[in-house]
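Reader: Could you please take me through this structure? I am new to reading such models.

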Amino acid sequence: MKILLFLTTTVLLFWSPTTSEYTMELNKQSMDHILATTDVVFVNFYANWCRFSQMLKPVFNDAAKAVQEEFTTPNQVVLGAVDCDREPEVSQKYHISKYPTLKLFRNGRLAKREYRGQRSKAAFVKFIQDQLVDPIKPVGNPGDIQNLDNKKRSVIGFFHNTDSANYKVYQRVASSLRDDCTFYAGVGDHFNGELTTGESIMFRPPKSTGNADMLFMGGLNNFELLHAWSLDKCVPLVREITFENGEELTEEGLPFLILFHSPQDTDIVQKYNSVISRELIPEKGNVNFLTADGTKFTHPLHHLAKSPQDLPLIAIDSFRHMYLFPDISKMTEPSVLLQFVKDLHSGKLHREFHHGPDPVVTQDQTDGGTAGGNPPADAGGKAATGSAAPGNAAEPKGNTDPPESTFKKLKPSEHRYTILRDEL
């Protein structure tokens, strides 16, 4: 009787009564267990009242059946589902803001990119097949190392054999970061020269950065340490926005600082990266640092009254308005670009667009006086009484709003999702 009670309790803990035939219905407890014990977990976060969720359910279940039949190795892959109304803690933990949301987990870690592809059985099955392909590309001999794609970020490991514990850890890291870097491995006697001091891993940045290879100095059998090091190298501080990743970048909810440039102008991209790395790292959690091919993203340029002939140029898109960096030739001057970002946060960019430059506070004003007879400014940067102070730009005539954001139009479509809230 005790054994029966234990089994019944276990079933209720790990399975919901609404579990589909092949899709595993997950709750708070079962999800933690499944993520900890399964290589790849693909989860449909849904709500029963959402029509898009209802449309997806049978398609997702059909895909789960096909995946289950093709991949029979235990703990290899699970297609699961979370009813977000019944599991609000799980929904909040993974920041679900629209239904249905499809998220992928590899080795217990949430993939940076959620699934945004076609919602069909064939597309889901192909997606899972791609996730289970070995993420490591073999290198035939040492000479091939110099011929790897120099436009991409690469991690290269040298191992005695593929059965080593270090290789297994490397394989897990490669699986987790396969979207961000290309992982290579040189294995066996052909690489005795590289293995003289033991197995090793190095990072090779794109040639355009001008940076040299970097050797991993930690323990190769330490997954957490190797993952953190690889993540730091593979996910750049400055990213390129494309039409393919634009939606996911907008969902991060951070304003964009964008360098629009010609594809051939790698020098300005390198300078921009250098300035960001040198001065703006503290702003990483407040702004997304991006580059964009200005010959493709012509619509934002048009909103700024610019064209590809004006490249390169820098702008901030706050998801409400766009603000043009006034002089790109000053980008490398100390703190100039940083101040531009700070002016966004303080409201100064929007304020000055309407009212001209903020009044300059003199020493007399600081001491309580009103030098030159001008009234003191209020917190909004406008004169407290009367008209604009002499020397300050008058409010522009006609439309005084900054150019409207164009990138907000890349956010998730209401024809595809039920949006819970506007995060932008």
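Author: The conversation below goes through some helix contacts, a core and several backbone details.

Reader: What kind of model is this, and how are residues numbered?

Author: This is a predicted model, in which local features need pLDDT of at least 70, side-chain atom pairs count only at pLDDT 80 or more, and totals for chains, interfaces and linings use all residues. Residues are numbered from 1 along each chain as its sequence is written, and side-chain values use heavy atoms, with hydrogens and water left out.

Reader: At what angle do α3 and α5 pack?

Author: Helix α3 (residues 51-70) and helix α5 (residues 121-131) pack at about 40°, and their axes are 8 Å apart. Helices (H or I, at least four residues) and strands (E, at least two) are DSSP runs, numbered from the N terminus. Axes are lines fitted to C-alpha atoms, for helices over the stretch in contact, and angles run from 0 to 180 degrees between N-to-C directions.

Reader: Are α3 and α5 roughly parallel, roughly perpendicular or oblique to each other?

Author: The two helices α3 and α5 are therefore oblique to each other. Angles under 35 degrees count as roughly parallel, over 145 as roughly antiparallel, 65 to 115 as roughly perpendicular, and the rest as oblique.

Reader: Which residues meet there?

Author: From α3 come Leu56, Val59, Phe60, Asp62, Ala63, Ala66, Val67 and Glu70, and they meet Lys121, Phe124, Val125, Ile128 and Gln129 of α5. Contact means heavy atoms within 4.5 Å. The residues of this contact of α3 with α5 divide into nine nonpolar, one polar and three charged. Here Ala, Val, Leu, Ile, Met, Phe, Trp, Tyr, Cys and Pro count as nonpolar, Asp, Glu, Lys and Arg as charged, and the others, Gly among them, as polar.

Reader: Moving on, is Gln76 buried or exposed?

Author: Gln76 is buried, at a relative accessible area of 19%. Buried means under 20% relative accessible area, exposed over 50%, and partly exposed in between (1.4 Å probe, protein chains only). Gln76 is in the loop between α3 and β3 (77-83). Not counting residues up to four places away in sequence, Gln76 touches Thr38, Asp39, Val40, Phe71 and Leu132.

Reader: Which residues touch the most other members of the largest nonpolar core?

Author: They are Leu257, Tyr272 and Leu337, in a core of 22 residues. The elements giving two or more residues to this core are β13 (256-261), α9 (266-279), β15 (313-317) and α11 (336-346). A nonpolar core is a set of buried Ala, Val, Leu, Ile, Met, Phe, Trp, Tyr and Cys residues joined through side-chain atoms within 4.5 Å.

Reader: Which residues of α11 are buried, and what do they pack against?

Author: The buried residues of α11 are Leu337, Leu338, Phe340, Val341, Asp343 and Leu344. They pack against β13, α9, β15, β16 and α12. Lys342 also lies in α11, but Lys342 is partly exposed, with a relative accessible area of 39%. Lys342 and Glu283 are 59 residues apart in sequence and 9.0 Å apart in space, C-alpha to C-alpha.

Reader: How do α11 and α12 cross?

Author: Their axes come within 5 Å and cross at roughly 80°. That makes α11 roughly perpendicular to α12. Phe340, Asp343, Leu344 and Ser346 of α11 make the contact with Lys348, Leu349 and Arg351 of α12.

Reader: And which residues of α12 are buried?

Author: In α12 (residues 348-355), they are Leu349, Arg351 and His354. These buried residues pack against β15, β16 (322-324) and α11. Just after α11, Gly347 has a positive phi of about 90°, and Gly356, which follows α12, has a positive phi near 80°.

Reader: Which residues other than glycine have a positive phi?

Author: Two examples are Asn107, with phi near 50°, and Phe319, with phi near 75°. Asn107 is in the loop between β5 (101-106) and β6 (109-110). Phe319 lies in the loop between β15 and β16 and is buried, with a relative accessible area of 3%.

Reader: Finally, where are cis peptide bonds found?

Author: One joins Tyr99 and Pro100, with omega about -15°, and another joins Leu311 and Pro312, with omega about 0°. Pro100 is in the loop between β4 (98-99) and β5, while Pro312 is in the loop between α10 (298-303) and β15. Most residues other than glycine have a negative phi, and most peptide bonds are trans.
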